[in-house]
Amino acid sequence: AKIIQLEGTVGSSPAIDRAKGFADYIADKPGLEIIASQTGDFARDKGRQVKETLLQAHPDVTAVYAHNDEMAMGAIAALEAAGKVPG
């Protein structure tokens, strides 16, 4: 999978821990690669905006990892607006 990571608020403990936990998890899985990572500040609208921008820059993305549900919902909205079927 080519993964876009939507990070929480920069410098916050949850964002740091979730990024580290995910990086640790995929470290020994050669088929998984984070191709872009950017903050969405734990917000739905910011997650949507970031996902729209990163989707244009990386149209070959196959997965999204968001640090919370709100950003994931924003990413889903961005995917649907781009004509893609999430899931």
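Select T62, A63, V64, L79 and P86: of the 15 residues lining the largest pocket, these lie nearest its centre. A pocket here is an open set of points on a 1 Å grid over the protein atoms alone, where a 1.4 Å probe fits, with protein on both sides within 12 Å along at least five of seven lines; lining residues have an atom within 4 Å of a point. This is a predicted model, with local features needing pLDDT of at least 70 and side-chain atom pairs pLDDT 80 or more, while totals for chains, interfaces and linings use all residues. Residues are numbered from 1 along each chain, and side-chain values use heavy atoms, without hydrogens and water.

Next, colour β3 (63–66) and α3 (69–81), the elements that give two or more residues to this lining.

Finally, show side chains at the contact (heavy atoms within 4.5 Å). From α2, pick R44, G47, R48, K51, E52 and L55; their partners in α3 include E70, M71 and L79.

Conventions: Helices (H or I, at least four residues) and strands (E, at least two) are DSSP runs, numbered from the N terminus.
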